[in-house]
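This briefing is for a reader who has not seen this structure before.

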Amino acid sequence: MASHIVGYPRMGPKRELKFALESFWDKKSGAEDLEKVATDLRASIWKQMSEAGIKYIPSNTFSYYDQVLDTTAMLGAVPDRYSWTGGEIGHDTYFSMARGNAIVPAMEMTKWFDTNYHFIVPELAPETKFSYASHKAVSEYKEAKALGVDTVPVLVGPVSYLLLSKAAKGVEKSFSPLSLLSGILPIYKEVVAELKAAGASWIQFDEPTLVKDLAAHELAAFSSAYAELEPTLSGLNVLVETYFADVPAESYKTLTSLSGVTAYGFDLVRGTKTLDLVKSAGFPSGKYLFAGVVDGRNIWADDLAASLSTLQSLETVVGKDKLVVSTSCSLMHTAVDLVNETKLDSEIKSWLAFAAQKVVEVDALAKALAGQKDEAYFAANAAAQASRRSSPRVNNEEVQKAAAALKGSDHRRATTVSSRLDAQQKKLNLPVLPTTTIGSFPQTVELRRVRREYKAKKVTEEEYVKAIEEEIRKVVKIQEDLDIDVLVHGEPERNDMVEYFGEQLSGFAFTANGWVQSYGSRCVKPPIIYGDVSRPKAMTVFWSKMAQDMTPRPMKGMLTGPVTILNWSFVRNDQPRFETCYQIALAIKKEVEDLEAAGIQVIQIDEAALREGLPLRKSEHAFYLDWAVHSFRITNCGVQDTTQIHTHMCYSNFNDIILSIINMDADVITIENSRSDEKLLSVFREGVTYGAGIGPGVYDIHSPRIPSTEEIADRVNKMLAVLDTNILWVNPDCGLKTRKYAEVMPALTAMVNAAKLIRTQL
Ligand code: GLN
Ligand code: ZN
């Protein structure tokens with residue numbers, strides 16, 4: 001019985017690649033240093049998999065930045081603005097596309113399906129010329145071979161590549177990248193021929209778009225692409241790998257009848273329906289099934305007994321020698337190696353498996369299927385599964401009962417948003433076009449140092465509180481001097497909007513090295529939600545009350561919402577996501593009520609990541625939006641009419657979920673907007689009625705550029721053409737945490753001046 005790994009993290013167990021990349025970009029080291037780190041990482045990964053006993057080991061899953069960008073390089077599809085003159089693409093052109101350079105900006109980046117990984121979006125036009133311009137796939141194959149490891153080279157499949165591409169500026173309306181299929185296939189043929197010549201006997205095409213809702217002509221493109229590749233592929237075993245969801249029945253039919261393909265990879269963790277399809281619709285005889293039973297997107301140890309029985313049920317369908325044990329997707333979406341977690345206690349550790357441990361699980365399952373079950377290993381796994389199920393650290397009956405009671409019921413404030421806004425205005429007495437900011441103020445080196453030293457117990461609690469208090473006082477004074485209407489405390493006590501709450505809630509654990517690549521050299525370290533979530537004590541009331549006591553102006557309480565906490569964490573796999581979300585919602589609800597009781601009149605509950613959690617398939621959107629929006633409402637359904645609830649969202653592209661956003665029933669929403677005014681306003685122009693307060697960001701905080709009063713005023717006027725004067729707020733796009741005071745002061749001055757200017761013109 002064989003084993004396979006779809007892909008492996010590139011960053012290294014201690015983020016070695018990150019540091020090598022950043023040092024290279026800063027010109028502190030040369031290309032050779034960077035390449036050495038990369039070569040060593042690849043070698044150790046191949047060695048580790050081969051020592052674990054994995055039969056089908058991937059190559060070309062390493063990347064200096066992104067696998068889609070690697071494919072763009074392979075195809076020579078460099079946009080003109082990078083002035084590439086042909087030949088093999090080097091670091092300069094490659095990193096210019098990824099990050100921009102002194103003259104031209106980077107290519108666009110977007111989320112890889114519903115993961116937190118971001119890829120570089122190919123930009124194609126009818127006249128894009130293709131040429132074989134990066135031999136990376138072949139050289140990695142040869143590199144592994146020289147080390148004695150015969151790998152399966154992995155390519156982003158040609159159809160997925162085009163479906164993930166966008167039309168270049170100017171041809172957006174008239175051109176579909178998919179029309180370039182016949183242009184890119186000759187390059188794929190060259191690559192395949194070279195891999196064959198180098199000795200490859202397998203090749204893997206990642207075609208994850210097959211799990212999305214596809215139109216008939218898109219499915220047809222798969223059939224024609226593989227038919228055209230077939231002659232070149234002959235003599236090779238060809239695996240088409242899908243992941244992140246089940247393959248819809250129509251697509252399954254197309255997929256399993258592709259020419260030249262001898263193996264299919266399925267995500268059986270998220271794609272349980274695919275499992276039924278294989279059993280009911282049948283599986284082509286003589287072909288391989290790569291069964292992705294080990295979760296590549298989570299950090300939980302596999303339930304080996306359950307996986308084994310799934311695999312055994314498949315054996316009878318596809319045949320013993322045609323079943324390959326695999327991961328659900330590339331392991332790049334999980335943390336790297338549990339051995340580096342020295343601070344997690346052994347009980348929690350026994351419940352976890354990072355990439356290195358998942359490789360071992362895959363191998364153990366393959367061996368067990370082949371009749372060589374490692375009884376001790378399986379027994380230890382079963383014991384860990386049992387301890388996780390019954391642990392009092394996981395189970396809190398009271399929380400479970402309270403959360404279960406929420407399902408199927410509704411929670412919302414009793415009165416309409418317009419009557420609440422009236423009640424709030426009587427109390428708050430704000431001018432028209434009230435000004436505010438999103439929460440954080442610049443985080444200085446000094447501030448980070450104090451927080452770090454407090455954590456390391458190098459400064460006392462008293463000293464820490466004093467330092468933070470001084471910072472809050474400074475931020476309050478700045479805002480009063482600027483004449484901002486609704487103030488924030490600046491969030492100096494937080495390093496991260498999820499971690500800060502996770503650390504104070506029960507049911508969360510934190511890793512030391514559980515990094516996952518987000519984009520390029522950037523990694524995130526999501527908290528692990530392992531148990532029922534509860535709030536032992538108030539989390540933010542102390543600071544918010546302190547800040548409110550410093551000023552007569554309203555001070556916003558500042559919380560992260562349940563959906564965002566959920567979407568930015570590694571979540572439990574032993575209960576549905578919505579259940580975990582409801583638990584978090586109940587904990588945040590208590591905090592909201594404590595803030596209200598402490599005299600806080602305006603409370604902002606950030607849902608920065610609500611849209612990110614949207615499932616891949618449209619058929620699942622309604623269910624997600626229903627419980628996500630419900631969770632948000634749970635947090636604040638109990639407050640008085642006079643307490644003003646704000647929420648904030650970090651994306652502008654929300655036209656498709658506008659009704660859900662309205663359904664959140666917040667009193668005021670602030671949203672990122674400045675880079676896409678037109679899009680947002682078009683929703684309202686199209687007649688969506690919106691009675692709540694709304695603050696579309698008036699300037700881009702992601703850029704150091706300082707906006708002028710005129711430009712902000714102009715923007716606000718454009719908004720006023722579409723939105724009522726009495727609901728419009730004036731605020732930046734997002735938090736100011738990453739900016740410098742030298743940028744923030746003039747930008748906020750311009751913002752307040754713009755609001756005042758327009759007030760005089762109304
Ligand atoms: N309140 C948070 C801040 O201002 C919001 C951050 C975010 O939306 N990502 O930093
Ligand atoms: Zn934001």
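Axes here are lines fitted to C-alpha atoms, for helices over the stretch in contact, and angles between N-to-C directions run from 0 to 180 degrees. Two packed helices are described by the angle between their axes and the distance between the axes. The model is predicted.

**Overall fold**

- The protein chain contains 27 helices and 21 strands.
- Its radius of gyration is 27 Å, close to the 27 Å given by the globule rule for 762 residues, so the chain is as compact as a globular protein of that length.
- The C-alpha trace of the protein chain spans about 75 × 60 × 50 Å along its principal axes.

**Helix 26 and helix 27**

- Helix 26 (residues 709–720) packs with helix 27 (residues 741–761) at an angle of about 50 degrees, and their axes are 8 Å apart.
- Because of that angle, helix 26 is oblique to helix 27.
- Helix 26 contributes T709, I712, A713, V716 and N717 to the contact, and helix 27 contributes A750, M751, N753, A754, L757 and I758.
- Eight residues of this contact are nonpolar, three are polar and none is charged.

**Helix 18 and helix 20**

- Helix 18 (residues 461–482) and helix 20 (residues 541–548) pack at about 45 degrees, with 10 Å between their axes.
- The angle therefore makes helix 18 oblique to helix 20.
- Helix 18 and helix 20 cross in a right-handed way.
- On the side of helix 18 the contact is made by E469, I472 and V476, and on the side of helix 20 by W543, M546 and A547.
- By class, the contact of helix 18 with helix 20 has five nonpolar residues, no polar ones and one charged.

**Helix 11 and helix 13**

- The axes of helix 11 (residues 304–318) and helix 13 (residues 355–369) cross at roughly 50 degrees and come within 10 Å.
- Helix 11 is therefore oblique to helix 13.
- The crossing of helix 11 with helix 13 is right-handed.
- In helix 11, L304, S307, L308 and L311 meet E361, A364, L365, A368 and L369 of helix 13.
- This contact of helix 11 with helix 13 has seven nonpolar residues, one polar and one charged.

**Around ligand 1**

- Ligand 1 is surrounded by 13 residues, the closest being I438, G439, S440, A608 and G735.
- The shell around ligand 1 divides into six nonpolar, four polar and three charged residues.

Definitions and conventions. Residues are numbered from 1 along each chain as its sequence is written. Chains are lettered from A and ligands numbered from 1 in the order in which they are written. This is a predicted model: local features need pLDDT of at least 70, side-chain atom pairs count only at pLDDT 80 or more; totals for chains, interfaces and linings use all residues. Helices (H or I, at least four residues) and strands (E, at least two) are DSSP runs, numbered from the N terminus. Angles under 35 degrees count as roughly parallel, over 145 as roughly antiparallel, 65 to 115 as roughly perpendicular and the rest as oblique. Two residues are in contact if their C-beta atoms, placed from the backbone, lie within 7 Å. Ala, Val, Leu, Ile, Met, Phe, Trp, Tyr, Cys and Pro count as nonpolar, Asp, Glu, Lys and Arg as charged, and the others, Gly among them, as polar. A residue is near a molecule or strand if its C-beta atom, placed from the backbone, lies within 6 Å of it. The radius of gyration is taken over C-alpha atoms; the globule rule is 2.2 Å times the number of residues to the power 0.38. A crossing is left-handed if the near helix is turned anticlockwise from the far one by less than a right angle, and right-handed if clockwise.
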